[in-house]
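Here is a short tour of the structure shown below. Have it open in your viewer as you read.

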Amino acid sequence: MLFAMTVMAAAQKDGRSSAAEKPTPDIVDGKYGEHQRNTFDLWRPKAKKATPLVVFIHGGGFVNGDKDKLSASLLDQFLKNGYAVMSINYRLFPEVKLPELYMDAARAIQFARLNAKDWNIDKARVALTGSSAGALTALWIGFHDDLADPKNSDAVLRESTRVMAIAVFSAQTTLDPDVLQNEVGSAVFKHSFANGKIFGLKAASPELKAKMLESSPTTYLSAGDPPVWAMYTVEDRPMTEETSVSDAIHHPNFGKALKKRMDALKIECKLRHKNDGENVNSDLLAFFNRYLKK
C-alpha cells in the first residue's frame, strides 16, 4: 500500500491525473486479452494517412492504478499533432509478479500492431510513455529484445514489441542491486520491493538478485535501442538516511544512472526536472516528433 500511495503522489506531481475534459475515446474499454484488466481506450486523430501511436502505461506500484490517469493536456497535445493514443490497464500484483507484470503491456503493443490497418496507425511508428511503475514497464519493454514469436498460434503474439521512442515520468530505470547501491542511493532499499515479495521470493534469497536483474530495464540496454526522455519532480539533491521512501524510489539519480549508460552507447537520453524552466508537454512532443515524424 505504501508503494501505491507514493506512486500515486508522484503521478499527481507530474500532472498525470485523470480529467473530465478528455474527449470520449474512439474505442472505450476495448479488449486486448482475456483477463478483465486487459482493457484499453483509444483516441485517434482525424487523418487520412496512417498516424504514429503512443501507448500510455499507468503507474500505481503494480498494485493499483488505471488507464484514466492519462493526462488530459498531454492527450490533447498528442491528438492535435496527429498521434493516436492508447491507454491501457493490466493485471496487478499479487495475481502477477515481476517480471511477468510487464507482459500485458507488451501484448497491448502487439495487439495495436495487429489492428494497425483498422485503426489507421503506422505500426512502424510506435512510442511508449508512463509514470513510475508504468515508466519502469515502458523502459523494460523498450530495451528488451523483440518479444515477437513468429510461429505462435496467437496472431497477436506474432507482432513486434519494438518501439521508436520512450518518454517517462518518475521512472525507476534499473533494479540492479549494485547500481541501486552505488549510483542511485541506499535509501531505495527501504522500499518494499527490496523484500522480494513482488518477485514472489523471500528477502535476501539467492534467487532475488537474479530476478531483480531480469526485471531491470538496463539489463537489456544495447546499441540500437530507442531514445528516452525522462522527467523527475523529486528535488535533485543527495540521498540521506532521512530521504523518504517516496523520494528515493522516484529520485533523479535513476535518470542519471540511465543517461550514463545511454551516453556510452550514443543513444539520446534527455533528462528533465520540474525546476529546469522548460515546458513539459511541448518538450516531450518535440522529442517524439524528432523520432516518429522524420
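## Helix H3

How many of the residues of H3 are buried? The count is 10 of 12, so H3 is mostly covered. The buried residues are Asp104, Ala105, Ala106, Arg107, Ala108, Ile109, Gln110, Phe111, Ala112 and Arg113.

## Where H6 meets H9

Next, look at helix H6 (residues 177-184) and helix H9 (residues 252-264), whose axes come within 10 Å and cross at roughly 110 degrees. H6 is therefore roughly perpendicular to H9. On the H6 side, the contact is made by Val179, Leu180, Glu183 and Val184, while H9 brings Asn253, Phe254, Ala257, Lys260 and Arg261. By class, the residues of this contact are five nonpolar, one polar and three charged.

## Threonine 51

Threonine 51 sits in strand S3, which runs over residues 51-57. Is threonine 51 buried or exposed? Its relative accessibility is 5%, and buried means under 20%, so threonine 51 counts as buried. Beyond its neighbours within four places in sequence, threonine 51 is in contact with Pro45, Gly82, Ala84, Asn120, Ile121, Asp122 and Arg125.

## Confidence

The protein chain has a mean pLDDT of 93, with 93% of its residues at 70 or more. Over residues 1-19, however, pLDDT stays under 50, and the model has 47 contacts beyond four places in sequence for this stretch. Where pLDDT is low, predicted coordinates should not be read in detail.

Methods
Residues are numbered from 1 along each chain as its sequence is written. This is a predicted model: local features need pLDDT of at least 70, side-chain atom pairs count only at pLDDT 80 or more; totals for chains, interfaces and linings use all residues. Side-chain values use heavy atoms; hydrogens and water are left out. pLDDT is the predictor's confidence in each residue, from 0 to 100. Contact means heavy atoms within 4.5 Å. Buried means under 20% relative accessible area, exposed over 50%, partly exposed in between (1.4 Å probe, protein chains only). Helices (H or I, at least four residues) and strands (E, at least two) are DSSP runs, numbered from the N terminus. Axes are lines fitted to C-alpha atoms, for helices over the stretch in contact, and angles run from 0 to 180 degrees between N-to-C directions. Angles under 35 degrees count as roughly parallel, over 145 as roughly antiparallel, 65 to 115 as roughly perpendicular and the rest as oblique. Ala, Val, Leu, Ile, Met, Phe, Trp, Tyr, Cys and Pro count as nonpolar, Asp, Glu, Lys and Arg as charged, and the others, Gly among them, as polar.
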